[in-house]
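Let's take a friendly walk through a protein model, one region at a time. Keep the structure open beside you as you read.

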Amino acid sequence: MATTQLEQPKGSGLRDLALRTLRAMPRAWNRFWRLIALYMPKRLYARSLIIVIAPMILLQSVIAFVFMERHWQTVTQRLSQATISDIAAVIDMMETYPHDADYANIIRIAQDRMQLKVDLLPPDPLPPPGPKPFFSILDEALSSEITRQINRPFWIDTVGNSNVVEVRVQLEGKVLRVFVRRSQAYASNTHIFLIWMVGTSLVLLMIAIPFLRNQIRPILTLAEAAESFGKGRPMPRDFRPRGADEVRRAGFAFIQMRERIERQIEQRTAMLTGVSHDLRTILTRFKLQLALAGGKSETKAALNQDIDDMQSMLEGYLSFARGEAAEDTGRFDLKAYFQKLGEEAQLRGCKLTTTLTGDPAVHVRPNAFARLLSNVIGNAFRYAKTVEVHANHGRGSLTVTIDDNGPGIAPDKREEVFKPFLRLDEARNLDASGTGLGLSIARDIARSHGGDISLEDSPLGGLRAVITVPA
């Protein structure tokens, strides 16, 4: 069966190409800016310097190009035209007064009135043309003017002597050699303009850079104070809002926010401490009543165990609410802590392997960080027989990886185990007290240091916990 193919209208191919080009332009533009952002400096001060210096360099480049293209070339062209006119006048005088054998008067007039040093050479062939200089504006101007005004065989040398230009013209029976000062045929004072332009720019930059640094320093100080507060460290003592009005307002707002947060934490801790004290008093009274009361020893033992569990739960709640926030930062020795872990692993009957890369000393809140590691590693000891701990300290960051061969946690439950008071039947967040606060306290401490904890699949078949904190 024969088939017919519809003829595509003319111009539809060009239209499709144009549409594809228009669709590809945003992607190409985004790739271009991503490439620029990759090589751009990341610090505010460096970017501000680029904002100040780049327009100045661009403006000066445009001005210099316009000046060179218009003024310099025009002036050089006119100076070369006047110089070649003088040489043409000397040639006309020689041809007009041929009776003067040595042309002494013409040579004297050329030197005194036209500032030209003229010599007559034997009628030898002219030297071969030399290589053109890279920047040959003078060479081009002289050549074009000699061709237009004299129209005889010539040879010029603008490279040999930096202060003098040599011109040779082939005449009948002789060669006219003329030495011209470069300043007569060339706009040689252009460097003065460039020196003034660059020098003025340097002076302006010397004024602008310190002023820019003074404007950026309060922003950097505010960023350092916010970063220290986010890591749970004390704010720098010399911090105070400075700089422009917007920066001052941001600094005062940060101080007020910090004071409100600290006041709220203090009030919460004081309230929980009071509640804990009252509850401890009641629990102690219960213990005394049980000790004085008679009854079966099995019943009293069960009640004492319930009281101990309540005390342990109370301590867990208080530790979670307090979050060790009042502790100051200090030095924590990972090497010494790993040695203690080895002793604990022997007591628990677990196989422990520890590795440390980088400086063993880290700058954290020691007690809180020890509690963080104990909660996570103790959880691994409780549910696994083989545990591997690797710490990598470098470039201002500490990463501790804990692998085990235990039952692990399902991927869809790994974020839920960090929720306070949440208990899963087979989850790994059950601490000794059974409150479900072990991993919650660990993540709270990690985030108070400016870091976090994540859970992954372990190469050993169990669970991997990755602790990352700035240190």
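Two residues are said to be in contact when heavy atoms of theirs lie within 4.5 Å. Keep in mind that this is a predicted model.

**Along helix α7**

With that definition in hand, look at R258, which sits in helix α7. Leaving aside its neighbours within four places in sequence, R258 is in contact with F229 and M235. Is R258 buried or exposed? Its relative accessible area is 17%, and because buried means under 20%, R258 counts as buried.

Helix α7 covers residues 245-292, and V275 lies in it too. V275 is partly exposed, as its relative accessible area is 40%.

Next, find L138 in helix α4, which runs over residues 137-149. L138 counts as buried because its relative accessibility is 4%, and the cut-off for buried is under 20%. Which residues does L138 touch, not counting those up to four places away in sequence? They are T76, S80, T158, V165, R182, A185 and Y186. L138 and Q73 are 65 residues apart along the chain, yet their C-alpha atoms are separated by 8.8 Å.

| Residue | Relative accessible area | Class |
|---|---|---|
| R258 | 17% | buried |
| V275 | 40% | partly exposed |
| L138 | 4% | buried |

Strands of a sheet pair through backbone hydrogen bonds, either parallel or antiparallel. In this model, four strands form an open sheet in the order β1-β4-β3-β2, with antiparallel pairing. Its edge strands are β1 (116-121) and β2 (154-157), each of which pairs on one side only. From one strand to the next, the twist averages 15°. Helix α4 packs on this sheet and touches β2 and β3. The direction of α4 makes about 160° with that of β2.

Within the sheet, β3 (residues 164-171) and β4 (residues 174-181) pair in the antiparallel sense over eight bridges. One example is V169, whose bridge partner in β4 is L176.

Strand β8 spans residues 386-394. Which residues make up its covered face? They are V387, V389, A391 and H393, while T386, E388, H390, N392 and G394 form the uncovered one. In a regular strand the side chains alternate between the two faces of the sheet.

Strand β8 pairs with β6 (residues 351-358) in the parallel sense over eight bridges. With β9 (residues 397-404), the pairing of β8 is antiparallel, again over eight bridges. E388 shows both pairings: it is the bridge partner of T353, and its bridge partner in β9 is D403. The hairpin of β8 and β9 has two residues between the strands, and R395 there takes a positive phi near 60°.

**An enclosed helix**

Our last stop is helix α11 (residues 438-448). Why is α11 described as largely enclosed by the rest of the structure? Eight of its eleven residues are buried. These are G438, L439, S440, I441, A442, R443, I445 and A446. After α11 comes G450, with a positive phi near 90°.

Definitions and conventions: Residues numbered from 1 in each chain as written. Predicted model: local features only at pLDDT ≥ 70, side-chain atom pairs only at ≥ 80, totals over all residues. Heavy atoms only, no water. Buried < 20%, exposed > 50% of the residue type's maximum accessible area, 1.4 Å probe, protein only. Pairing = 2+ DSSP bridges. Axes fitted to C-alpha atoms, helices over the stretch in contact; angles between N-to-C directions.
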